[in-house]
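The sequence and the model come before the details.

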Amino acid sequence: MALPERKTDIGPPHYEQFLPPVIKKNYGKWLYHEVLSPGTMKHVAESGDEIYTVRVASPRLLSTDSIRDICEIADKYCDGYLRFTTRNNIEFLVSDKSKLDPLVKELKEKNYTIGGIGPRVSNIVHTQGWVHCHSACTDASGLVKSIMDELYEYFTEKELPNKVRLAVACCVNMCGAVHCSDIAIVAVHRKPPVVDDENVPKLCEIPTTVASCPTAAIRPNPKTKSIIINEERCMYCGNCFTVCPPISIHNPEEDGVAIVVGGKVSNLRSDPKFSKLAIPFFYNDPPRWPKVVQAVKNILETYAKHARKHERVGEWVERIGWERFFSLTGIEFTFQHIDDFTFARDTFRTSAAFKF
Amino acid sequence: MSGKYKTPMLDELEKGPWPSFVTEIKKAAKKSDMAEDELGQLEKSYNTKRGYWKHGGIVGVLGYGGGVIGRYSSLPEEFPGVAHFHTVRVNQPSGFFYTTKALREICDIWDKYGSGLTNLHGSTGDLVLLGTKTENLEAVFAELSSRGWDLGGSGSAMRTPSCCVGMARCEWANIDTMDLCNELTQYYQDQLHRPAFPYKFKIKISGCACDCVAAIARADLSIIGTWKDSIQINQDEVRKYAEAGLDIQKEIVDMCPTQCMYYNPEDKTLKIADAECNRCMHCIAKMTKALRPGKEKGATLLVGSKAPIVVGSLLSWVIVPFMKLTPPYDDLKELIDKMIEWWDDNAKPRERIGELIEAKGMRAFLEAIGVPPMPQQVKEPRKDPFFFWAESDFKK
């Protein structure tokens, strides 16, 4: 069977053809929006036109059949228009108000999860994990599923002081803004990599491999034409593994995940911030990582109990101080919490004013 | 053919109310050997706590150096269906808007040539088709491109730009994020498809300081909409918020980081000393009917953010505090070209532009792109009395 003629460098299809007519008409002329429920909102244009959005959770990993199911619903209620959010939710765009309630009804009947709008937990931004990545040292999808099952009502219903953005990264490459999330999980290695001296000379460029190490722990080994790792300097980032596969960083028994907290990307009230280390390590405990799930819930609920309205996790912690964060959450403070890398000097306390 | 593998570990992840990725893989496995072996291999990972994917190899479509991520199982004999399991990155339309017709078309192509598994969307923004064989790549590309789709970026290249929903459905958009995203994606097609950079280069565009695409945290060039003049106030709506029970003093005025607002509870009016406002968006986001961004709109350009690999995470730094952005965006394109040229000329392999700025100094970067020093670029001036003088600084 002949294939159609390929085209190159045409770029993505122009977005305009995918916009509902009411959006095309009121493009750039929206006046305000209202959150109607945890999963629905209304946008009103200067012209008085309205569009309703219904937000639905997605596991991000979707089969084509599920996409067709979603399309069928969008055909029925949204004239065939829909979109996705940057946090992987599905948004049904309803131009005809009379179709809003029937849409919500059908979504509920079909067990879709509606929510994620307003001061709540939104969908977790996450990475590929064991599903599809060579450098994963945990499975992101499994962690996300386990955490969101536990925090379900914070997506569908319960209010928090402000939005809480969660993220999961299955290694320190962090595909997705884990480093600036309210609460995030990042998978980490804890042992230096094992070097396969036989294959390193065959598969790797030695100078590139040496240069890949941020702590200068790698030097060439002229005898074996491979490399030697100074294990005391290694901080297990795995960058050498990325450029030279025979340097294996994976260690299933000692790999696991850390929890970081207090990051944000928005500029509201306070500057964007990095997440900081809360809990340095949990062993991988598939399929449901119960200790990780409980730790996330504990941090979330401690925040919910103590933060002021509109404070994000990081703003709350900065107001009360990190020493108080550790006492309120009951999280143990360890040597791993004290930075000894790039930004260390900025993190040591230089004031005699602090709390007990 | 489903049911080849017993998956007691993964079955646990079909329980509970949140939608399950395992259910998705099983759905695809009913039709595809590839998806079925994906399921089998994943179950094994759950038992042994490790992945079984090899490093990507160099695979792709003719004439492109990116857009396909090679992926091979390290257990091809045990799981032949995923011996090759390459990712195809399809460049998403700006703002992630689709018609059902377009999505179905992609689904049909993917059922024919791939595993039937997708990511909507990948972290960078592409519509990700997850898992196909090397021999199918050209066919997938011909089917997609003949219907108006193209591949996104991968490797040391311009990566697929992405943006927030912007003017399509948000009253806070100060710039037309979707148009700009589309325009830059088209402008950089060659750089996107043929990796020739020292490393990746990401562009993300948000319409306001809420930054819904997390541009400031994960783009080499973060474009964030802002305004220069005064916040537009509708006092009638201010009064209505007060009457509806919003504690304007506590929730708005007291939380303003610059303390530039004054609320009069007597007549329920709000005043803003706009010169002192830093445009953080808190008040506007909480009182969207009463407050709107100003009318002199544009964007702040920030450069350098990245994830921790390898000497630590960076947030983007302000380079150009304000730039008007109107089609065809020639000033912006010229400036980005200069940034990339400087980076390309000076960076080591796998060095991001933010890291290069740290290594060479902000001055070198600013001079190369022709941007003068401005106080908006720093949180504070330097502390220690060690600073360089260039010959040009002596000519007075």
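Domain 1 of chain B and domain 2 of chain B bury about 1,000 Å² between them, with 53% of that area coming from carbon and sulfur atoms. Buried area here is the accessible area (1.4 Å probe) that two parts lose on being put together, summed over both. B:Y64, B:S94 and B:T124 supply 41% of what domain 1 of chain B buries against domain 2 of chain B, more than any other three residues.

This is a predicted model, in which local features need pLDDT of at least 70 and side-chain atom pairs count only at pLDDT 80 or more, while totals for chains, interfaces and linings use all residues. Residues are numbered from 1 along each chain as its sequence is written, chains are lettered from A and ligands numbered from 1 in the order in which they are written, and side-chain values use heavy atoms, with hydrogens and water left out.

Chain B is divided into domain 1 (8–146), domain 2 (162–228 + 297–377) and domain 3 (232–292); the bounds come from an automatic or database domain assignment. The C-alpha centres of domain 1 and domain 2 of chain B lie 30 Å apart. Their contact (heavy atoms within 4.5 Å) takes twelve residues from domain 1 of chain B and 16 residues from domain 2 of chain B.

The two interfaces are set out below. A salt bridge is a side-chain nitrogen of Lys or Arg within 4 Å of a carboxyl oxygen of Asp or Glu.

| Interface | Buried area | Salt bridges |
|---|---|---|
| Domain 1 of chain B and domain 2 of chain B | about 1,000 Å² | zero salt bridges |
| Chain A and chain B | about 10,500 Å² | eleven salt bridges |

Between the chains, carbon and sulfur atoms give 61% of the buried area. The contact takes 115 residues from chain A and 120 residues from chain B. A:R6, A:W130 and A:H132 supply 7% of the area that chain A buries against chain B, more than any other three residues.

One salt bridge joins the side chains of A:K309 and B:E251 (3.4 Å, N to O). Helix α2 (residues 64–78) of chain A gives the most to the side of chain A that touches chain B, with ten residues; helices (H or I, at least four residues) and strands (E, at least two) are DSSP runs, numbered from the N terminus.

Strand β5 (residues 81–84) of chain A and strand β3 (residues 97–99) of chain B pair in the antiparallel sense over three bridges, where pairing requires that DSSP finds at least two bridges between two strands. In β3(B), B:Y98 is the bridge partner of A:L82.
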